[in-house]
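Subject: Structure for your review

Dear colleague,

Please find below the structure that I am handing over to you.

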Amino acid sequence: MTILGNSGLVLNEKLLFEHSDPGRKGYSLPKLDVPEAALPAELCRDEIAGFPELSEVDVVRHFTRLSTWNYGVDSGFYPLGSCTMKYNPKVNEIAARLPGLADLHPATPPHLAQGILELMDKLQTSLAEVSGFARVTLQPAAGAHGELAGMLVIRAWHEARNSTRSKVLIPDTAHGTNPATATLAGYDVVPIASEGILTLEEVESHMDDDVAALMVTNPNTLGLFESNIEEICKLVHARGGLVYCDGANLNALMGIARPGDMGIDVMHFNLHKTFSTPHGGGGPGAGPVGVTEELIPYLPGPGVERVGDEYRFETDNAESIGRLLAFHGNVGIMVRAYSYIRSMGGAGLKHASEMAVLNANYIRARLEGVYELPYKNRSLHEVIFSDKDLEGGCHTLDVAKRLIDYGYHPPTIYFPLVVKGAIMIEPTETESPDVLDEFCDAMIAIAGEARDNPDLLLKAPMRSKVRRLDETTAARKPRLKWEGSE
Amino acid sequence: MEFPEELKYTEEHEWVMIEEDLAVVGITDFAQDALGDVVFVELPEVGTAVEAGKAFGVVESVKAVSDVYAPLTGTIEEVNDDLIDAPEIINTSPYEDGWMVKIRMAEASDADELMDAEAYQALIAEES
């Protein structure tokens with residue numbers, strides 16, 4: 001087996017403050033060729049305490065060394081479940097860096113920004129086509145922001161009907177952010193326990209005249225398709241509620257099934273997951289929201305619209321929930337997503353979803369029996385194992401740490417909460433059979449190590465630059481800033 | 001793992017010790033072990049009304065954030081402030097120093113609904 005993990009020459013690096021040497025600098029100014037004039041004395045100070053003084057090479061080495069500590073989808077397999085860490089094609093970066101797009105000021109008048117407005121309009125249309133919704137807003141800045149936009153739209157719809165419903169139903173297989181979103185939108189959360197997938201009976205038993213909406217994730221966080229979704233949507237609608245879908249797992253469905261066709265009323269997209277824009281390290285992301293015809297008036301605004309041959313911002317939106325951002329969303333991410341959609345084409349997107357599902361099922365088939373598979377239903381784009389069958393007193397955390405030694409970013413662990421010791425693997429369509437096999441070989445080897453030599457897991461990682469971190473102390477007593485040399 | 005005979009237990013892995021009309025509440029050894037190192041605890045204010053089955057507090061570990069549910073209906077009489085600065089007490093002493101709140105019970109007979117140590121051990125054997 002090829003083990004990618006290694007302990008090559010990874011250099012230590014101090015903080016910039018610790019490199020500082022008084023008088024060192026990384027700039028040289030040209031000779032003064034105008035009369036010297038003093039700055040107002042009250043604006044000047046003698047020194048800036050603690051300001052690092054460095055040369056150009058100090059700074060370049062500092063950041064270059066730090067960059068070698070990074071692990072991203074460009075360096076290796078990144079099977080972080082629920083996050084869709086697919087490869088981000090470089091053509092998207094080229095498009096986003098075109099000066100006409102990258103250098104455009106957000107306050108540019110629409111008649112001088114027709115190109116980007118056309119792109120936004122076409123992206124909205126493309127996303128609506130993929131998802132089966134009547135209209136899409138691009139404004140929300142990330143997934144949870146999109147959820148909030150969607151739930152506020154639902155709230156506005158109810159208020160327009162003088163409905164004061166106060167509850168939102170959320171199954172335990174929904175994304176972790178959903179309860180927080182519903183609460184932030186002013187609703188009381190009613191959790192529903194599910195047996196893998198949500199049943200009509202479960203929803204029916206919780207459904208009453210005080211339920212504003214059901215929030216589901218489809219496919220859900222167990223990687224399972226909510227196959228009762230159509231009947232569930234009909235039931236919720238019949239009882240006067242709406243259905244929100246967390247679209248974070250849309251990578252399983254593109255070109256195959258459309259949430260809008262299932263009866264979903266509102267869904268957010270994660271452009272940074274499904275549509276291949278970079279994420280991790282804090283984004284930025286983009287969380288567009290699609291809605292049915294009936295909910296269009298409440299979307300955040302202003303959106304982009306086409307009138308004749310001209311693109312402009314909508315003006316007639318009296319019922320809108322209002323702006324969610326000062327400008328128009330994370331436009332650079334929209335450019336990348338549009339570039340991805342156009343370079344893939346409809347057939348390409350469908351193929352991507354098919355391969356994402358195939359890859360997850362390949363991993364499932366190779367690891368079933370080695371790791372416990374708590375839910376036997378057919379997986380879609382991700383597969384969840386548990387540590388139940390692991391020997392040697394080892395747990396999920398130890399497997400994750402040992403995977404680092406083998407050269408892989410660990411999968412999502414201990415989520416979803418409905419699986420004890422969950423190991424949530426989402427390979428995406430990016431990976432070749434070779435990579436999947438190497439990863440599965442590593443997972444199988446680790447299960448063997450747990451049995452024969454558990455210390456290899458319990459003390460992992462051993463090849464990384466730092467060994468196992470004390471997460472407890474880091475959480476309880478975090479050191480968040482430099483406090484001077486000791 | 002220990003499950004003292006004199007305590008009552010809930011399906012949500014809380015333990016309850018009945019002292020006349022007061023119920024002392026914490027999380028079980030099984031719960032602290034499953035959570036891993038506890039890094040943060042959020043407890044209600046004294047005087048807060050709590051309802052059986054509804055969340056009254058939060059425990060955050062390195063793995064997850066979990067609600068803690070009130071085993072009984074009543075009013076918070078006392079909270080264990082030591083847990084705010086030293087939440088790890090829940091890991092080291094779940095049944096004694098790691099108690100979380102004392103609830104003045106609205107209806108003392110509610111305690112009869114709770115599980116005994118034997119029933120709780122049967123429950124966790126099924127779950128794990």
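This is a predicted model: local features need pLDDT of at least 70, side-chain atom pairs count only at pLDDT 80 or more; totals for chains, interfaces and linings use all residues.

Chain A holds an open sheet of seven strands in the order 1-7-6-5-4-2-3, and its pairing is mixed. Strand 1 (135-137) and strand 3 of chain A are the edge strands, each of them pairing on one side only. On average, neighbouring strands of this sheet are turned by 20 degrees against each other, direction ignored.

Five of its five residues are buried, so strand 2 of chain A is largely enclosed by the rest of the structure. In a regular strand, side chains alternate between the two faces of the sheet. In strand 2 of chain A, Lys167(A), Leu169(A) and Pro171(A) point one way, while Val168(A) and Ile170(A) point the other way, and all are buried.

Strand 2 of chain A has a parallel partner in strand 3 (residues 188-192) of chain A, to which five bridges join it. Within that pair, Val168(A) has Val189(A) of strand 3 as its bridge partner. Strand 4 (residues 211-217) of chain A also runs parallel to strand 2 of chain A, and three bridges join the two. Here Leu169(A) stands opposite Leu214(A) of strand 4 of chain A.

Two helices that pack on this sheet may be noted. Helix 5 of chain A touches strand 1, strand 6 (266-268) and strand 7 (289-291) of chain A, and its direction makes about 125 degrees with that of strand 1 of chain A. Helix 7 (residues 177-184) of chain A touches strand 2, strand 3, strand 4 and strand 5 (242-246) of chain A; the angle between its direction and that of strand 2 of chain A is about 175 degrees.

Helix packing in chain A

Helix 5 (residues 114-131) of chain A also meets helix 12 (residues 331-367) of chain A: their axes come within 10 Å and cross at roughly 45 degrees. The two helices are therefore oblique to each other, and the crossing is left-handed. From helix 5 of chain A, the residues in this contact are Ile116(A), Leu119(A), Met120(A), Lys122(A), Leu123(A), Ser126(A) and Val130(A), and those from helix 12 of chain A include Val331(A), Met334(A), Tyr338(A) and Leu349(A). By type, the residues of this contact comprise 12 nonpolar, one polar and one charged.

A second pair consists of helix 13 (residues 396-405) and helix 14 (residues 433-452) of chain A, whose axes come within 10 Å and cross at roughly 125 degrees. These two helices are therefore also oblique to each other, but their crossing is right-handed. Val399(A), Arg402(A) and Leu403(A) of helix 13 of chain A meet Ala442(A), Ile446(A) and Glu449(A) of helix 14 of chain A. The residues of this contact divide into four nonpolar, no polar and two charged.

Helix 13 of chain A is largely enclosed by the rest of the structure, because nine of its 10 residues are buried. Among the buried residues are Asp398(A), Lys401(A), Arg402(A) and Asp405(A). The buried residues of helix 13 of chain A pack against strand 11 (412-413), strand 12 (423-425), helix 14 and helix 15 (455-458) of chain A. Just after helix 13 of chain A, Gly407(A) takes a positive phi of about 95 degrees.

A residue in strand 8

Arg306(A) belongs to strand 8 (residues 304-307) of chain A. Arg306(A) has 14 other C-beta atoms within 10 Å and is partly exposed. Beyond its neighbours within four places in sequence, Arg306(A) is in contact with Asp121(A) and Tyr311(A). The C-alpha atoms of Arg306(A) and Leu117(A) are separated by 8.9 Å, although these residues are 189 residues apart along the chain.

Chain B and the interface

In chain B, strand 6 (residues 55-61) and strand 7 run antiparallel and are joined by five bridges. The two strands form a hairpin with three residues between them. Val58(B) has Asp67(B) of strand 7 as its bridge partner. On strand 7 (residues 65-69) of chain B, Ser66(B) and Val68(B) make up a covered face, whereas Val65(B), Asp67(B) and Tyr69(B) make up an uncovered one.

Between the chains, seven residues of chain B are in contact with seven residues of chain A. The side of chain B that touches chain A consists of four nonpolar, one polar and two charged residues.

With kind regards

Notes: Residues are numbered from 1 along each chain as its sequence is written. Chains are lettered from A and ligands numbered from 1 in the order in which they are written. Axes are lines fitted to C-alpha atoms, for helices over the stretch in contact, and angles run from 0 to 180 degrees between N-to-C directions. Helices (H or I, at least four residues) and strands (E, at least two) are DSSP runs, numbered from the N terminus. Angles under 35 degrees count as roughly parallel, over 145 as roughly antiparallel, 65 to 115 as roughly perpendicular and the rest as oblique. A crossing is left-handed if the near helix is turned anticlockwise from the far one by less than a right angle, and right-handed if clockwise. Ala, Val, Leu, Ile, Met, Phe, Trp, Tyr, Cys and Pro count as nonpolar, Asp, Glu, Lys and Arg as charged, and the others, Gly among them, as polar. A residue is buried if 20 or more other C-beta atoms lie within 10 Å of its own, exposed if 12 or fewer, and partly exposed in between; C-beta atoms are placed from the backbone. Two strands pair if DSSP finds at least two bridges between them.
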